[in-house]
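This report looks at aromatic contacts and at the packing of helices. Please read it alongside the sequence and the structure shown here.

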Amino acid sequence: MMKKDAGWWLAASAVIMLALPWMAVTFIKGDGGMAVCFLLFYAVNPVYSLVAGTFAGRDGRRLWSLPVISAALFLCGTWLFFAPGESAFLLYAAVYLVLGMAAFALSLALGSKPWLR
């Protein structure tokens with residue numbers, strides 16, 4: 001059952017970190033596009049990183065990579081649709097990774113099934 005859940009979370013990561021930036025660039029022009037990007041970078045992506053990390057902490061042995069994949073997909077999406085090789089996006093990806101791993105560690109520590117048992 002957890003594998004099926006992981007598939008859904010990976011699909012959600014692809015949609016949020018790849019499809020939403022593409023849609024922002026493709027369908028929203030001008031200042032509206034910038035507003036959507038701010039919303040993505042400062043609200044949607046950080047919250048998603050926290051939620052994904054919390055979910056990954058439920059089964060840390062198998063899902064530890066979910067926050068890493070999520071941050072990597074963000075980086076791929078922004079470099080693909082905004083500015084290839086822009087180093088500022090590395091900082092955003094690092095923050096999303098730290099948020100996801102912190103939520104993962106906290107979820108793991110507070111969970112009923114410790115990872116190292």
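## A buried aromatic pair

Phe 74 is buried, with a relative accessible area of 0%, and Phe 41 is likewise buried at 9%, where buried means under 20% relative accessible area (1.4 Å probe, protein chains only). Phe 41 and Phe 74 form an edge-to-face aromatic pair, 5.7 Å centre to centre with 85° between the planes; rings of Phe, Tyr and Trp (its six-membered ring) pair if their centres lie within 6.5 Å, and planes over 60 degrees apart count as edge-to-face. Because Phe 41 lies in helix 2 (residues 31-56) and Phe 74 in helix 4 (residues 66-81), the pair ties together parts that are 33 residues apart in sequence; helices are DSSP runs (H or I, at least four residues), numbered from the N terminus.

Phe 41 and Phe 74 also belong to one aromatic cluster, whose members include Phe 38, Tyr 42 and Phe 82.

## Helix 4 against helix 5

Helix 4 and helix 5 (residues 88-110) pack at an angle of about 160°, with their axes 8 Å apart, the axes being lines fitted to C-alpha atoms over the stretch in contact and the angles running from 0 to 180 degrees between N-to-C directions. Helix 4 is therefore roughly antiparallel to helix 5, a term for angles over 145 degrees.

## Basis of the values

This is a predicted model, in which local features need pLDDT of at least 70 and side-chain atom pairs count only at pLDDT 80 or more, whereas totals for chains, interfaces and linings use all residues. Residues are numbered from 1 along each chain as its sequence is written, and side-chain values use heavy atoms, with hydrogens and water left out.

Conventions: Phe/Tyr/Trp six-rings, centres within 6.5 Å; stacked < 30°, edge-to-face > 60°. Helix = DSSP H or I, 4+ residues; strand = E, 2+ residues; numbered from the N terminus. Buried < 20%, exposed > 50% of the residue type's maximum accessible area, 1.4 Å probe, protein only. Parallel < 35°, antiparallel > 145°, perpendicular 65-115°, else oblique.
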